[in-house]
Every structure is written in structure tokens, then in C-alpha cells.
Amino acid sequence: MLKRLKQALNGLSQLAYTSNAPNKRQTQHIDTLQAQIKSLQQQLADAERQHREVVSIYRTHLLSAAQGHMDEDVQAALLQIIRMRQEFVC
């Protein structure tokens, strides 16, 4: 996603340098690139927000586990992960 955002920004920069007075086709292309950039920036912001939320949840669960308290659902999920890893190793 970050790569696509950089590509869109580069495309927009190249259009800006090719002509001081863009024609209708270039203007439409610029508008398309700007819309794509805006969409990609929103997707990036959403992905970063979701990542922060997931990390926060994991930190909370790890802290609870370190303190000797663990939700039953979390404990069951961890045991399932351990079993799955053991199956792959054997």
C-alpha cells in the first residue's frame, strides 16, 4: 500500500514537471492520481489504526498473563496455537 502511494505521488510529481499548463487529459490524470493518493492515505491510516489496536490487545493479554491472570478464551487460543505448532514440528 505504501509502495502504491509513493508511485501515485511520483506520477503526480512527473505530471507537474512536464507542463506548466496541463491540458484536459493531464488535468483528468492529475485528478485521478490525487483521488488515488487520498484513498491510499486513508487505507494506510486505517491499517495503522488497526495495527495499533491489535498490538494494544496483545500487550494487554501479555501483561495479564505475566501477572498470572488470563482470560479463558485467550488461554484456549494459546493452547490451540501450541498444539498446531507441535503438529507442524513432528
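Analyst: A pocket is an open set of grid points with protein on both sides within 12 Å along at least five of seven lines, and its lining residues are those that have an atom within 4 Å of a point. The model described here is predicted.

User: Which residues line the largest pocket, and what makes them lining residues?

Analyst: Y58, H61, L62, A65, M70, V74, A77, L78 and I81 line the largest pocket, and they are called lining residues because each has an atom within 4 Å of a point of that pocket. The space in the largest pocket comes to about 180 Å³, and helix 2 (24–66) and helix 3 (72–89) each contribute at least two residues to its lining.

User: How many residues of this lining are nonpolar, polar or charged?

Analyst: Eight are nonpolar, one is polar and none is charged.

User: Why is L44 called partly exposed?

Analyst: L44, which is found in helix 2, has a relative accessibility of 23%. Buried would require under 20% and exposed over 50%, so a value of 23% falls in between and L44 counts as partly exposed. The C-alpha atom of L44 is separated by 7.3 Å from that of L2, although the two residues are 42 residues apart along the chain.

User: What makes up the largest nonpolar core, and which elements supply it?

Analyst: The largest nonpolar core has five residues, L5, A8, L33, I37 and L40. Helix 1 (2–18) and helix 2 each give two or more residues to this core, and helix 2 gives the most, with three. In soluble globular proteins, nonpolar side chains tend to be buried together.

User: How many helices and strands does the chain have, and what share of its residues is buried?

Analyst: The chain has three helices and zero strands, running α-α-α from the N terminus on, and buried residues make up 13% of its 90 residues.

How values were computed. Residues numbered from 1 in each chain as written. Predicted model: local features only at pLDDT ≥ 70, side-chain atom pairs only at ≥ 80, totals over all residues. Heavy atoms only, no water. 1 Å grid on protein atoms, 1.4 Å probe; cavity = no way out; pocket = protein on both sides within 12 Å on 5 of 7 lines; lining within 4 Å. Points joined across faces, edges and corners; volume = space filled by probe spheres on them. Helix = DSSP H or I, 4+ residues; strand = E, 2+ residues; numbered from the N terminus. Nonpolar A, V, L, I, M, F, W, Y, C, P; charged D, E, K, R; others polar. Buried < 20%, exposed > 50% of the residue type's maximum accessible area, 1.4 Å probe, protein only. Core = buried A, V, L, I, M, F, W, Y, C linked by side-chain atoms within 4.5 Å.
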